[in-house]
Amino acid sequence: MAEMQKKSISDYKLPGARRPMNRGAETEKAKDSKGTFMRMLRYFTCEKRAICLLLLMVLLGVVCGILAPRLQSSAIDAITQRNFGQLPRLLCCMAIIYAVSCLAAYLQGRESALISQRTVKQMRKDLFSHIINLPVGYLDTHSHGDIMSRMTNDVENVSTTISQSLSSLFSGLLTVCGTVMMMFLLCPPLAALSCSTVLFTVFATKYLSAAMRKTYAKRQALLGSLNGTVEEMVGGYRTVVAYEKEQLIIDDFTKISDELTGAGIRAEILGGSMGPVMNLINNTGFVIIAAFGGYFAFKGAISVGIISAFIVYAKQFGRPIDEIAQVWGQVQSALAGAERVFAVMNEAPEDKSGRKKISDLPPQPDISFAHVSFSYVPGQRVLTDFSLHVRPGQKIALVGATGSGKTTVVNLLMRFYRPDSGTIRVGGTDIMDISSDSLRDAIAIVLQDTVLFADTVRNNLKYADPDISDEEMIACARQCHVDSTIRRLENGYDTLLSADASNISRGQQQLLSIARAFISKPQILILDEATSNVDTRTERRIQDAMMRLMQDRTCLVIAHRLSTIRDADLIVVLDHGAIAETGTHEELLQQNGKYHELYMTQFAGQAT
Amino acid sequence: MLKHLRKYLLFALLAPLFMLGEAGMDLLQPTLMSTIVDEGVLGLSNGGVGDPDIVLHTGIKMILLILAGAACGILSGVFANIAAQNFGNDLRKDAFHHIMHFSLAQTDRFTTGSLITRVTNDVTQVQNMVQMAIRGFVRTMILLAGGMICMMRLHLSFGAVLLIAMPLLLITMFLFLSRVTPNFSVLQKRLDDVNNVMQENVAGNRVVKAYIREAYETERFSAANEKLVSTQLQILLLLNYMTPIMNILMNLSLLAVIYIGGLNAQRFAVSPGHVMAAVTYLTQILNALMRMGMMFQNISRGMASAKRLREVIHTVAEITDGPRTDIPLSGGSIEFRDVSFGYAGRENILNHISFTVHPGETIGILGMTGSGKSSLIQLIPRFYDVTEGAVLVDGVDVRDYPLAALRSRIAVALQKSELFHRSIRENIAWGDPSADEDALWQAARTAQAEEFITAKADGMDTIVAQSGHSLSGGQKQRLAIARAVLKNAEILIFDDSTSALDLKTESSLYKALHTAYSGQTRIIVAQRIASVKDADRILVLEDGAIAACGSHEELLAASPIYQDICRSQTGGAANG
């Protein structure tokens, strides 16, 4: 009696195993199920042999499942007819069939696990290497949480569901067909009667889940608002306390919580009756077989053993029917997941092409922007007819209010984005003709939000140049006054940074990212508000390091603090995507224009 | 926690009672079937002549029993639901009530995230556990015990099969689960690693590209991915042995029952109908046994949640009302008397701080990150209690006030402007729910928020997105300030709450504040000198102690630290 056959891994909440579906829940569907499925199949093509083996094992399992009750009925008949000599032989046959069936189940599970894990690995790898080569613009405009969830949940869901659900769908269909055939072979009238209970099952499931869907949706919505309240109020607890709102919040919470309980009870009473109703139908099937079977047996149409076989068969074919609907829903939601994954893979990767290399250019290249215009969203110009020439070794400061287009200039120079019109030249060559790898190799960038990796300090520094020796690395760190800071960390250069580098201070984070830029020995340096996240006195230590970094380099500095700007060779004031003024600090102050205004509101603490 | 269940004890008892009905009916079926076979078909007690009437009667009896069983089942479900959900509701409300009375030190200790999980997820877990205990567990137990009794009543020798099969099944299950379970935490770790690499690459995408490390990152990801997949595979393959082994055990027991049945039938000790019934009982029993294994897993998960909830419910609020009932008239004076403070279990952040703020005075507090500024002002509304010394408001120790009386005379705009997912109007009115429209707009105007509120399509009725994501940092701060201003308390505290405003807006804000709400005592915590230079006095905090105190001019003339800060903020132009 292979009752347990399908009660597999899914009961163990293994991340990756297919999740038990809530009958009441809505199933999301893929927009183009067929296309997605075909593309999905491509991932399984290299698994042809494994899939064949899997299906073969499924088939073997089903055949055993159908044969075993037949043998069992013969054994019962042997007892009824007092033909005891036959019993050992029959039982031996059954034992063999059971053994084969278990072996098949084992191999089936094994192949299914191997296939799904190999595909998950491949798919995730493909997706990652695609994401990492997407243009910055894609990642800027899409929620990171969403991308992450496609990477983990969707991929997982897709490959495991496909390999597991499809095999259980296949075995379910085979079992139903085989069992029904066997039943009709044994006793057509009894078979017809027990099939009729299936109709009840289908009808009851359909009716109940339709009714449940509504109440479940209501409960889900209330649960959402309850969780929202808890998150908000516990998260903003300081504000709750500061305004003595505890009682008010508790009252609010009580109201939602009571409502949720009401909705929950209504939903669950329907859901809870599912079990007894199914039980009722199964038992009715049992009675039909026992009573009618008994009647037929009395008439001599069938033997007693056949009744016992029917009891097993009825169970065996009721289960897949109940399951098929669920599995079908899972396959659909997996396809929807696959569609989301493929949507990312369909995005065109970043264009990194370019025939020239920076090494073909003069060692201290100049930079020129000629009539560059750009918009992130069509129709909303961020940069308009921007022209600027930066001579080799010059330090340029870009200043302006938020949204004036400072960072856009950097984004374009790095080829993170492509200008709508106009050209940017480095060393006289259009940067579109320089391969972006080579271009980026020549430029180092220090950002406002330092990005450090959960790795050792050493590896973080060497990120800029993996081939650098320890001595060189330390020399660089020393040159930009970071060495002593690093040595004061717990394990010096071997200190392991936690995720988000939260185990070192903001100032230390920024110092590390400066040292990293230093190690890359760039020809061009970009500092994008590199010190805005640290307080002013820490900034002064960082300032020293930055000065060393800027020495003898062509620099583009986006700054919001006066101290960084005063030493620039040229200050460019941006206003709504266009250059408003250029000049040195003194010159611009005298002009009494935009810069003067900016200076007064942003920098001059006591310029009253 | 049991006391929460006591209220619904009636339902909690009715549920298993009715379950007894449902499961009992299930247990009767195989016996009745054996009657059909033995008496109706084979006519064993009638000399081998069957009787269709017996078949018919027994069939009808079975149908009636089934209907009764289903009715019991549904009722049991209803009662179990009522008991479990109401229990969960009370538990949830109780836990939330407790949390709302915790001190900040206590919420820090639990961490916000963990408190949220406890009220939401853990309550659901415990509720599910209760529901399962009074319904599913009872059903399984009845089927298990009842099935065994019924089977042995058929013939004692069947019991021998159970005696061998059941322990074997349990041991197998236990062995597998105990080997697999530790792997789950490894799996979680591996999953975190993959997510971490992913997160770093998505968020730090510019840096990866700038240093041309795409290939390296792909490699790094592959390694993490490989590890995750191999751990997962290991678990899957291990579990994959379990099902076939359990199946073979079950099937062997089945064969044994038929064989023993056959032997006994030969001696006329059992009838063929009994053998059939025994086969059905056996499946029922062994399936129940396996479900039991799964349930124990759920129960252990539920118990862990129950423990986490008990921690919340049994935690006594640390900061409670003080004894004084004769509260002094409000004036707005604050005194720190030799105050030292440190967060639980860590070294002191503030050391021996003493100063007095007179009614109507404006005090600026300046200091680096980590100098203890925020900790200092949190002692005034008793967000935390001092470690040593005392904080006095209007001459009375803050610990002696009833909490509401103390906090009603203090308005704070916090460093992290926490806004709620409601309309702008409700967010501002949070400061004073009774305020009329004019007062709301006046507060908004004072906080320099009028302009951007009017610019919104829905004005005051604009809904602020979750955690204020729809607003810029400066806008959030201005709303938080409007809220604090509206409260119109004697003491107003700004905890670095203007850091995202430009100097022009900030100075207009202070000007408006002076004209609209004069006579207030104000404490302004800031990093920028510009924010505090107009204060009556400025305290410079360094390493948890007062390093300097005086007006802007005095400090500029006499305090080297202040001069130093000045220089760093204005690029050397310290002469104003």
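Select chains A and B together: the area buried between chain B and chain A is about 13900 Å², with carbon and sulfur atoms giving 68% of that. Buried area here is the accessible area (1.4 Å probe) that two parts lose on being put together, summed over both. The model is predicted, so local features need pLDDT of at least 70 and side-chain atom pairs count only at pLDDT 80 or more, while totals for chains, interfaces and linings use all residues. Residues are numbered from 1 along each chain as its sequence is written, chains are lettered from A in the order in which they are written, and side-chain values use heavy atoms, with hydrogens and water left out.

Next, select the contact (heavy atoms within 4.5 Å): 159 residues come from chain B and 147 residues from chain A.

Now go to B:E226 and A:K121. These two form a salt bridge, with the closest N and O atoms 2.9 Å apart; the term requires a side-chain nitrogen of Lys or Arg within 4 Å of a carboxyl oxygen of Asp or Glu. Nine salt bridges are counted between chain B and chain A.

Then select helix α9 of chain B, residues 214-266, which gives the most to the side touching chain A, with 34 residues. Helices are DSSP runs (H or I, at least four residues), numbered from the N terminus.

Last, select B:R179, in helix α7 (residues 156-203) of chain B. B:R179 is exposed, at a relative accessible area of 57%; exposed means over 50% (1.4 Å probe, protein chains only).

Note on methods. Helices (H or I, at least four residues) and strands (E, at least two) are DSSP runs, numbered from the N terminus. Buried means under 20% relative accessible area, exposed over 50%, partly exposed in between (1.4 Å probe, protein chains only).
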